[in-house]
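Trainee: I have the model open and would like to go through it with you. Please start with the strands.

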Amino acid sequence: MPRPGRLLPLSEALTQGLAIGYNFYDFNAKVNYRFSDKDRLYLSVYLGDDRISFRRKDNSYHSSSKIKVNQNWGNNLFALRWNHIYGPKLFSNSILNYTRYRLLNDMSKNIDDGSYVQSAYSSFISGINDISAKIDFEYFALPAIKMKFGLNSIYHTFTPGLASYNQNDNQGFDVDTTFGNYKLNAFEHAAYLSNEINLGGKLFGDIGARFSLYQVNGKNYFSLEPRVLLSVPIGSYVIIKSSYATMQQNVHLLTNSGVGIPTDLWLPATEKVNPAKSTQYAFGVSGLLFNSKYEISLEGYYKD
C-alpha cells in the first residue's frame with residue numbers, strides 16, 4: 001500500500017500502484033552538397049529509440065519491495081552517397097552506410113522485509129549491426145536499352161539473443177550467469193546485371209541475374225538468381241505481364257507483436273538452418289477503361 005499522503009501518478013492510481021511510462025525520440029537529418037556539375041554528395045542520419053517501462057512499489061511499516069521492467073528498441077542509420085555523372089549515357093551511385101538495430105529487455109527486483117534482503121537483475125539483448133558498401137551503375141546503351149549493374153558487400157554483426165541473470169541476498173545466496181548466443185559475424189557479397197528493353201509502345205522486357213556469396217562460420221553459400229520480366233500489349237487497352245525470379249534469403253526476421261509491443265529478432269542463416277531459397281512465377285492482366293481514365297488489373301503468383 002502507498003504511504004499516507006503520497007501523490008500517485010495517474011497510471012499508478014488507476015492500476016493500484018503499477019506505474020507505466022513510455023517515451024521515444026526520432027531524429028532525421030539530410031545534407032547534400034554539389035561540388036561540381038557531375039558530382040553530388042548526400043549525407044543522411046536517422047536516430048530513433050522507444051522505451052516502455054513498468055514499475056511497482058509496495059511499502060509497509062515492516063517491508064518494502066520494488067520491481068522495474070524496461071523494454072527498449074530502436075534504430076540508427078548513417079548513410080553517405082556519392083552521385084557521379086561520367087557522361088550523357090553513364091552515371092553511378094556509391095553508398096557507404098552503417099545501420100544498427102537493438103532490443104533490450106531488463107528487470108530488477110529488490111525486497112527488504114527487515115530480516116531478509118534480496119536483489120535480482122535479469123536482461124535480454126538482441127540486435128544486428130551492418131556495415132555495407134555498394135556501387136550501382138546505369139548505362140543508357142541505346143535509346144531503347146538501359147543497363148543496370150553493380151556490386152554490394154555487407155558485414156553483419158548479429159547478437160541473436162544474450163540473456164543474463166544476477167541474484168544475491170543477505171543469506172549468502174549468489175547467482176551470476178549469462179547464456180544464449182554471443183556475437184556472430186557474416187559477410188554478404190553480390191553482383192548483378194539487369195537489361196531494361198523497351199521495344200516501342202508498351203512492349204517492355206527486363207532480363208538480368210544476380211550472383212551472391214554468403215559467408216558464415218567458415219562456410220560459403222553461393223547463389224545464382226536469374227530474373228525475367230515481360231510486358232506485352234494486346235491491342236491498345238490490354239497488357240499482359242509475366243515474370244520469373246529466384247532469390248536467396250540469408251537473414252531471417254522473427255517478430256512478435258501480439259501484445260502490441262514489437263519484438264524483432266534478426267537471425268543469420270547458418271549450417272544448422274541453411275539460407276532459404278525461393279522461385280516465383282507471376283502473371284497478370286491489366287486493362288484501360290473509359291478512354292484510359294481507369295485501369296483494372298488482376299495478378300497472381302506461385303512461389304516455391
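Mentor: A hairpin joins S5 to S6 through 2 residues. The elements here are DSSP runs numbered from the N terminus: helices are H or I with at least four residues, strands are E with at least two.

Trainee: Before we go on, where do the coordinates come from, and how are residues numbered?

Mentor: This is a predicted model, in which local features need pLDDT of at least 70 and side-chain atom pairs count only at pLDDT 80 or more, while totals for chains, interfaces and linings use all residues. Residues are numbered from 1 along each chain as its sequence is written, and side-chain values use heavy atoms, with hydrogens and water left out.

Trainee: Which residues other than glycine have a positive phi?

Mentor: Phe-290 is one of them, at about 55°, and Asn-291 is another, with phi near 55°. Most residues other than glycine have a negative phi. Phe-290 is in the loop between S14 and S15 (294-303), and Asn-291 is placed in that loop too.

Trainee: Are Phe-290 and Asn-291 buried or exposed?

Mentor: Phe-290 counts as exposed because its relative accessibility is 63%, and Asn-291 counts as exposed at 73%. The scale is relative accessible area with a 1.4 Å probe, protein chains only: under 20% is buried, over 50% exposed, and in between partly exposed.

Trainee: What about Ser-278, where is it found and what is it in contact with?

Mentor: Ser-278 is in strand S14 (residues 276-289) and is buried, with a relative accessible area of 15%. Leaving aside neighbours within four places in sequence, Ser-278 is in contact (heavy atoms within 4.5 Å) with Ala-245, Thr-246, Met-247, Lys-303 and Asp-304.

Trainee: Switching to charges. How many salt bridges does the structure hold?

Mentor: The count is 10, a salt bridge being a side-chain nitrogen of Lys or Arg within 4 Å of a carboxyl oxygen of Asp or Glu. Arg-210 and Glu-225 form one of them, at 3.4 Å from N to O. This pair links distant parts of the chain, with Arg-210 in strand S9 and Glu-225 in strand S10 (residues 219-234), 15 residues apart.

Trainee: Which other salt bridge does Glu-225 take part in?

Mentor: Glu-225 also meets Arg-227, at 3.0 Å from N to O. Glu-225 is buried, with a relative accessible area of 1%, while Arg-210 is partly exposed at 24% and Arg-227 is partly exposed at 33%.

Trainee: Which residues are linked in a network of salt bridges?

Mentor: Glu-138, Lys-146, Lys-148 and Glu-196 are. Elsewhere, Asp-136 pairs with Lys-134, with the closest N and O atoms 3.9 Å apart.

Trainee: Now rings. How many aromatic pairs are there?

Mentor: The structure holds 11. Rings of Phe, Tyr and Trp (its six-membered ring) pair if their centres lie within 6.5 Å; planes under 30 degrees apart are stacked, over 60 edge-to-face, and the rest tilted. Tyr-86 and Phe-137 make a tilted pair, 6.2 Å centre to centre with 35° between the planes. Tyr-86 lies in the loop between S3 (64-85) and S4 (90-112), and Phe-137 in S5 (residues 117-142), 51 residues apart.

Trainee: Which cluster does that pair belong to?

Mentor: Ring pairs link Tyr-86, Phe-137 and Phe-149 into a cluster. Tyr-86 is partly exposed at 40%, whereas Phe-137 is buried at 18%.

Trainee: Last one. In the largest nonpolar core, which residues touch the most other members?

Mentor: Phe-158, Tyr-214 and Val-216, out of 14 residues. Such a core is a set of buried Ala, Val, Leu, Ile, Met, Phe, Trp, Tyr and Cys residues joined through side-chain atoms within 4.5 Å. S4, S8 (184-198) and S9 (204-216) each supply at least two residues of this core.

Methods:
Pairing = 2+ DSSP bridges.
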